[in-house]
Amino acid sequence: GAVIAACATSGKWELALHLVDELEASGLRPNVIIYTAAISACEKGKQFDKALDLFDALQQRGLQADVVTYNAMIAACEHGGRWEAALQFKAELRAQGLTPDIITYGSTIKACANAGKWEEALDLLSELREDSNVEPNVIAYGAVIAACVNAGQWKKALQLFAELPQRGLEADIITYNYVIAAFERAGHWQKAVQLLEELWQRPGSPEPDVFTYGAAINACLKSGRWQKALDLFDDLQQRGLTPNLVAYNAAISARAKGGQWQKALELFEDLQQAGLEPDSITYGAAISACKDSGKSEKALELFEDMKRRLPSGAPTLIAYSATISACVKGGHWQKAFDLFEELRQLNMDLDLVTYNAMLSACVKGNQWRKALDLFDELRKERGLEPDAITYNVIIAACETAGRFDEARAIFLEAHSKDCFPKEVLSTPGALDLRDLVLPVARTAVRAALYDLRRGDEDAEESPRFYAAPAGDSLRLVTNSKDGRVLLPAIDALDENILVTDPENPGIFVVPLGAILRQGAAKPSLSEE
């Protein structure tokens, strides 16, 4: 029995099973203690099926499992990913008239938490809190908090964390790490940083580790506080901690967001010198840094290096999208098309970011037909919902190519979905174009002129964007001191636009009479 117990401690499950077999072969009957020790050995060796065989053998010999035996089986379920079996063993324990202890609860909760079953884990914690025979501990709370954070239930995680002091419990560093991750999910970067600082300042608190910093850095990064993220990365190193890959990846992303592509690449080299291997996230962050700084050649170099060094299929959609965007910014639109075709061959679930990058490539390559095809594909085949970026780019593709009918139709669709600022039509008799990119501003002017020319006729012909102004002119409010940027949209008129007020050089007027004189002829807006 002592030898088998030693096997349980060391996880030598094969030896434990061999000793049980020898006992039975010699005519000796193993007792509950021996079976329990052998089950524990299998549990530590992650041999759930072997542990279950031993439990069945125990029962077949008419032995009565005790709480320790059941706890060993529930722990085997936990390590074997069998959360439903863990619940069944716990229920059976009660059915046998036994009383669960904190180990029973803790192992069952962890079995559910590890399987992502946060609701079941939360129910078990609630049962534990109501059990007068058992006092909850930080392990049980920590497991449920972790399950809630991983499931995106950050509010529940923070509520449970707030209960710990009320029960006189002090969270361990793993629990603190999950709580900081909960603040990250909630967008509360200040609270994440504050909790990290409190751990250093409050006597008796667990000391932050690299994972604590990683969670806080990501919280800052996701809230756009890239400089604070970098400050934390520096603090991590100054305190003698060694950054892991997660921390490096976050720091590279922070450098990227700060437009510091050279420093991002320095970190890329530093992590390799530290003995870490870059993963697809590392490459994606480094490529994004180059993309945002217009270093398309370096982005392509990193992308090709990633494909050589990482296993087949490792390059992520993020890395592809960033490289495509870098190609577009660098004028390599044909390379962008090639990478997009690679993505299709890989059967990746293409997202809107990738399609927006490809639409930009179409604009750079004067491929308006391709742009319209992609616009249809992303909606009809991929089920994606265009955003303001999508509409801006597809309208620019059509407007640049002189496809004004298509541009107007898409503009009206986007306007109906409130993708453009409501201020465009906020002032009667005026179009506020200040928050629109130039191709969209021109399209808005064309759409307004189109509606004014057709008057009340053909009211059902197509959706109306602009109603007739109360005055005798259409005022165009812009950020430009030179109205010539809008001339392509109104060049069919006889009258030139006029500056209405020397103090407001960005406001131009199109006389309503000039518009209405063109009303008799309502040709297609598009150039042939």
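Modeller: Happy to! Thr104 counts as buried because its relative accessibility is 0% (buried is under 20% relative accessible area, exposed over 50%, partly exposed in between; 1.4 Å probe, protein chains only). This is a predicted model, where local features need pLDDT of at least 70 and side-chain atom pairs pLDDT 80 or more, while totals for chains, interfaces and linings use all residues. Residues are numbered from 1 along each chain as its sequence is written, and side-chain values use heavy atoms, without hydrogens or water.

Thr104 sits in helix H7, residues 102-114 (a DSSP run of H or I, at least four residues, numbered from the N terminus). Beyond its neighbours within four places in sequence, Thr104 is in contact with Val67, Asn71, Ile74, Lys90 and Leu93 (heavy atoms within 4.5 Å). With Asn71, the link is a side-chain to side-chain polar contact of 2.6 Å (N or O atoms within 3.5 Å, one able to donate a hydrogen and the other to accept it; sequence-adjacent residues count only if both atoms are side-chain atoms).

Now for the helix. In H13, 11 of the 13 residues are buried, among them Tyr213, Ile217, Cys220 and Leu221. Their cover includes helices H11 (173-186), H12 (189-201), H14 (226-238) and H15 (245-257). After H13 comes Gly224, with a positive phi near 80 degrees.

Key: Helices (H or I, at least four residues) and strands (E, at least two) are DSSP runs, numbered from the N terminus.
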